[in-house]
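Dear colleague,

I am passing on the structure we spoke about, and I would be grateful if you could look through it alongside the notes that follow.

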Amino acid sequence: MNGILITWPQLLYAGLALLVFYVAELLLFLRKANSPHHLSRQTQQRIETMSGEMAALRQELELLKVRLAANSMQQAWAVEHHGDAGVADTTAVAQPLTETPYAHAIRLARTGADSAAVAQQCGISRGEADLIVALYRAEGLR
């Protein structure tokens with residue numbers, strides 16, 4: 001028996017050393033995978049561009065929500081004051097015979113009036129006036 005003799009404690013130390021090596025290698029790979037340097041420059045630029053586009057789309061969505069709310073308020077007012085016959089045709093709602101408070105508020109907002117003046121002159125709530133001023137003043141700035 002001139003062969004190599006390995007005892008149990010030596011085998012356990014060798015196994016432990018191998019296990020430590022694999023754990024260190026795993027941690028190194030995880031660290032490299034989580035670093036932003038592994039992405040190419042083109043991929044990073046695409047991510048930044050898409051993030052900007054998403055922010056613009058979110059802002060446009062909020063603007064559309066405000067417009068929808070203003071249009072539904074205007075339509076509700078038209079139904080209330082002109083009956084169902086005035087709502088059947090959308091052009092009749094858009095340009096009624098008399099100017100609606102919302103149309104008047106939109107006109108005032110486009111001329112630069114603040115929301116307090118719009119609310120007072122048109123007889124609408126301050127929240128509605130804030131919506132209309134935010135929507136149509138921003139539209140005039142584009």
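**How α2 and α4 pack**

In this predicted model, helices α2 and α4 pack with their axes 9 Å apart and at an angle of about 140 degrees. That angle makes α2 oblique to α4, because an angle has to be over 145 degrees to count as roughly antiparallel. The residues of this contact divide into 5 nonpolar and 1 polar, with no charged residue among them. On the α2 side the contact is made by M73, Q74 and W77, which meet P101, Y102 and A103 of α4.

**The overall picture**

Stepping back to the whole chain, the protein has 6 helices and 0 strands, so that, read from the N terminus, its elements run α-α-α-α-α-α. Of its 142 residues, 22% count as buried, and the accessible surface comes to about 11200 Å², of which 62% belongs to carbon and sulfur atoms.

**The nonpolar core**

Which residues have the most contacts inside the largest nonpolar core? They are Y102, A105, V118, C122, I124, I132 and Y136, within a core that has 20 residues. At least two residues of this core are supplied by each of α2 (41-82), α4 (101-110), α5 (115-122) and α6 (126-141). As general background, nonpolar side chains in soluble globular proteins tend to be buried together.

I124 deserves a separate look: leaving out residues up to four places away in sequence, I124 touches P101, Y102, A105, V118, A119, A129 and I132. Among these partners, Y102, A105, V118 and I132 are also listed with the residues that have the most contacts inside the core.

**Helix α4 and its end**

Helix α4 is mostly covered, with 7 of its 10 residues buried, namely P101, Y102, H104, A105, I106, L108 and A109. R110, which is also found in α4, counts as exposed because its relative accessibility is 52%, and the cut-off for that class is over 50%. The C-alpha atoms of R110 and L135 are 9.5 Å apart in space, although the two residues are 25 residues apart in sequence. After α4 comes G112, whose phi is positive, near 105 degrees.

Apart from its neighbours within four places in sequence, S115 is in contact with R126, A129, D130 and V133, and from C-alpha to C-alpha S115 is 8.5 Å from L131, a residue 16 residues away in sequence.

D130, one of the contact partners of S115, has its place in helix α6, and D130 counts as partly exposed because its relative accessibility is 35%.

With best regards

Definitions and conventions. Residues numbered from 1 in each chain as written. Predicted model: local features only at pLDDT ≥ 70, side-chain atom pairs only at ≥ 80, totals over all residues. Heavy atoms only, no water. Core = buried A, V, L, I, M, F, W, Y, C linked by side-chain atoms within 4.5 Å. Buried < 20%, exposed > 50% of the residue type's maximum accessible area, 1.4 Å probe, protein only. Helix = DSSP H or I, 4+ residues; strand = E, 2+ residues; numbered from the N terminus. Contact = heavy atoms within 4.5 Å. Areas by Shrake-Rupley, 256 points an atom, 1.4 Å probe, with all protein chains shown as cover. Axes fitted to C-alpha atoms, helices over the stretch in contact; angles between N-to-C directions. Parallel < 35°, antiparallel > 145°, perpendicular 65-115°, else oblique. Nonpolar A, V, L, I, M, F, W, Y, C, P; charged D, E, K, R; others polar.
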